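Morning, everyone. I have one model to walk through today. Please bring it up on your screens.

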Amino acid sequence: MRSRTNAMQAIRDGTFDLCIIGGGATGTGCALDAQLRGLSTVLLEAGDFVSHTSTASTKLVHGGVRYLQQAVNDFDYGQYTMVRKALHERIHILRAAPFLAHPLELLVPCFSRWELFYYTIGMKVYDWIAGKASLFPSRMLSKAESLRRMPSLRSEKLVGTVSYADGQFDDARFGLTLAQTFSQQGGELLNYARVTNFGKNSVGKLAVADVEDQLTGEHFEVHAKVFVNCTGPFADHIRLMANPAMPERLRLSKGVHLILPSEATQSESAMLVPKTEDGRVVFIIPWLGRLLVGTTDDEATLTDEMVVTPPEIKYLLKYVNKYLNVNLNPNDVVSAFAGLRPLVRSKNAVDTKKLIRDHEVEVDDLSGLVSVLGGKWTTYRAMAEDGINHAQQAIPEKQAPCRTLDFVLTGTEGFSPDYWKQLQQNYRVSSETARHLSQKFGTNSPKVLDLTKQEPELLQALTEGGAPILAEVVYVIREEMAQTIEDVLLRRIGVQFHSWKEASDAAPVVGQLLARELGWTDEQTDAAVAAYSSSIQHLFQSAGIERNLTDDVSLRERSPQSYGETMRMGEQMADYIGAIDQGTTSTRFMVFDRSGRIVSSVQKEHEQIYPKPGWVEHDPAEIWRRTQEVIREAMESKGLRPSDLAGIGITNQRETTLVWNKKTGQSVYNAIVWQDMRVQDTVAEFSANGGQDRYRGKTGLPLATYFSGLKLRWILNNVPGARAAAEAGDLLFGNIDTFLIWHLTGGVNNGVHVTDVTNASRTQLMDLETLNWDKDILAEFNIPASVLPRIVSSSEVYGKAILGPIKDVPIAGDLGDQQAALFGQACFKPGEAKNTYGTGCFMLLNTGHKAVPSKSGLLTTLAYKIGNKPAVYALEGSIAITGALVQWVRDNLSMIEKSQDIEALARTVPDNGGVYIVPAFSGLFAPYWKADARGVITGLTRFVNKGHMARAVLEATAFQVREVLDAMEKDSGIELENLRTDGGMVYNDLLMQFQADILNKPVVRPVVHETTALGAAYAAGLATGFMKDTDEVVANWAEDRRWNPMMAEERRASLYHFWKKAVTRSFDWVE
């Protein structure tokens, strides 16, 4: 391959017949096919080549025994044709790169004569379908012969096995070899090049792609006649970018695989476990000196983190231990990986569960985009042929047949199974290194070893006792466009697949070689090594493996009793922590493991009640029902018991006000939601004597409709009998957190009536300094103290749950939603800040143990209080309408069908066309606090279309965040280095990039994005000893994506000037 710099220049300067988007199995296959037909082709990959799905396979080249069984059982001809196609394609992969792919014997264990007969017949059908492409015939093996081939196979009740043939390959190296071969054939390719938008020609067909360099943030254009979408599980994103009206077609399944020490089987044969409790199959396969165990078809989404979890490890080890004479436990896992497989919904199927296991080529008539959807590694060549056949139709002057059927890949010519002996003799390397190089690079291995002639030190082993050498690292940086430590150790050399520990040990050396070759600074190198090591530790933690990177593992060194001891220890300690996330529109219950990974989650919406303009209410009984439902379903869906949870934290929509009878549990009125504006006249009344900041000195809050105190006053004054009942001591007040804790810990039977400091600070009734209810304010609001909950810390055990699915689990964390997000983002140091993008936007800045008064319209509030430790304070900027503006465009104007469609619509135009939307639907919050403001749209001309409006909707969020951040930096005297983000809108790339541009600061998204619920869970974890201290929380936090500012200062200043001008037009609207 060219160097990345030279490749980018060639791509910038060129115009291509085809642009292939996606550098996985399908993309590299399509690129090579097209280039061999004489089509000038460029391939763009948003990450590294063959990352994600293409390197997370079971490493098998197979027809699919399970699909054949389904074809027979369900009389499904579609499944049959897919198996036939795969079996006929299988041989072509083995011939294309024999140094990377080879035949493999698999055994199916049988425990009755009927099973032996059944699977023998099935495998004979498998052979028959393969026909001349069969590798070797299947046959029935006796018990004795089976145990000879696989000595560790459990012999109890074993009758025999059925032996059959499939293929095995190194998926990562195969994909990279496809890319290398494509490059040698004259194709251009670039990794870390994300397509962010399309431009169209005069007839509406795609003609240009806007591409973002993920390493520098730079944008450039790629021109092509036809664009081919080969992005696997991300294909719907590209499809909707090209044509927002297209329906989504993909449904995703997750595959998980463990890597174990090879002595578990002591066999060169693999095993197919045909029967599991949930109908999946499990493969147990020798692979590159290890044992690979894997399965697929667990439903997943794009937002799921692709890590292997403790329940998944438990599931796979259960079948390993059942079929092999071993007793493996999670600490035997030396590496693991997970990935998404894209399955295709049938176009015309009413039932969305009807999925196409085969691939499909879709051509969008409107944009001309060709999308290759679904499929599997084994059929990559046929998929590519099909995809390029369709793409070629748009270029009538360049018609040519496919040439890949018998084409061999680079590194194949001259290869034989004994080729490694030539390397050993010619270069005097160990047999292990010679075998390793021949299995990775084939007959290109001398190119690697020739580097050692100029630099003999490159013959050194990369890891102690390992086969890979330093010359490989230099070679893949120079010749295979490796840009990161993971690129080298995971995909190109495979050390990370072999052992997480070995990979972590090798990281510093790889970092130094990358620095030498790519010109990194010492700071860049140190940061890269630290980030990689952190990612490996995160994999350990996500898997629940209690081993640090200095530990080693060996089955032979462990006593036979240790497995049982490990299990007994596990029974004494809960593995998970729970969180109730009660929000404005829905309620969720989530379960997390120690690493902060989501184990289970169920969410349900509740009704929004609008009795009058400006009034917003919720039904408390419905919220309590939804809470019980989500807890029960989340626990049951994963088979969790109360003893599995160390504790439960609660986070909630703040300021929403409830009053209920403590004897009956019945609410006297609906919950008055934080957005509600009914007390606007009362705010004006109190402000007339002392101004809007009358109570800011004590509470940190201006007088506003936002906070709970005046809402409580309204209920007492306007609900018949409420004040008398309150003064008689029969009523209780609380925000949602108090309401839920009371119900969970007993309700009318001595339920605990408490709230934490963060929620209490939002009532406008608590003194920030003393953390007690302020008697003077209570008197002025005419609120009896008897209705108020006891103020407690954010992290302590308040009581135990009485609800069945979580009975006796400690309720041990309580944080308002925004403070919970701050906690979940690990912002424990003064000067650290987060911004949550939800219905509204909420930015919090940790100011330490000192309450900082605001002179810029911000709120001074509590950040959190852990047990008996001093309280920590924050500055907060609240924006009423951000995500809700997208909902308004969707529901009220019907401009989009789904909220996520806003990005695709906004990308149809390059800018906002001069339009600014100020969404002051309920007035303006920080930094203005103008209840009389109302929403405006400014700058309208005949030029403006829906795309401009969509872009203005998104930009309104970013502009409002800029205003709050400016005020925050002014009040605190601290300039933020970057902004940590969370919430649903952080997956809108267009918004996040514009946010970074308008702030002129990097915007960062964490790996675990559910930070609100996670913060509440962490608080409960600290209270119950599940987590040791906040340092453990900090260690869990990891960066997922960073957007760097790219906008010129002159343009940024101009945009912000017109925004500020538009905001003034919203003032003083209500008279």
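This is a predicted model: local features need pLDDT of at least 70, side-chain atom pairs count only at pLDDT 80 or more; totals for chains, interfaces and linings use all residues.

Overall shape. The C-alpha atoms of the protein chain fill a box of roughly 95 × 70 × 60 Å along the principal axes. A compact globule of 1071 residues would have a radius of gyration near 31 Å, and the protein chain has 31 Å, so the two agree. In secondary structure, we have 36 helices and 39 strands.

Now the domains. Domain 1 comes in pieces: 4-56, 173-249 and 348-394. Domain 2 takes 100-168 and 252-344. Domain 3 covers 418-491 and 499-543.

On to the interface. The C-alpha centres of domain 1 and domain 2 are 33 Å apart. Domain 1 puts 20 residues into the contact, and domain 2 puts in 13.

How much area is buried between domain 1 and domain 2? About 1400 Å², with 65% of that from carbon and sulfur atoms.

What about specific pairs? Salt bridges across this interface: zero. Polar contacts: one residue pair, both residues at pLDDT 80 or more.

Which elements of domain 1 supply at least two residues each to the side that touches domain 2? Helix 7 (171-184), strand 16 (355-356) and strand 18 (370-374). Helix 7 gives the largest share, three residues. By type, this side of domain 1 has seven nonpolar, six polar and seven charged residues. Yet the salt bridge count across the interface is zero.

That's it from me.

Methods:
Residues are numbered from 1 along each chain as its sequence is written. Side-chain values use heavy atoms; hydrogens and water are left out. Domain bounds come from an automatic or database domain assignment. Contact means heavy atoms within 4.5 Å. Buried area is the accessible area (1.4 Å probe) that two parts lose on being put together, summed over both. A salt bridge is a side-chain nitrogen of Lys or Arg within 4 Å of a carboxyl oxygen of Asp or Glu. A polar contact is a pair of N or O atoms within 3.5 Å; within protein, one must be able to donate a hydrogen and the other to accept it, and residues adjacent in sequence count only if both atoms are side-chain atoms. Helices (H or I, at least four residues) and strands (E, at least two) are DSSP runs, numbered from the N terminus. Ala, Val, Leu, Ile, Met, Phe, Trp, Tyr, Cys and Pro count as nonpolar, Asp, Glu, Lys and Arg as charged, and the others, Gly among them, as polar. The radius of gyration is taken over C-alpha atoms; the globule rule is 2.2 Å times the number of residues to the power 0.38.
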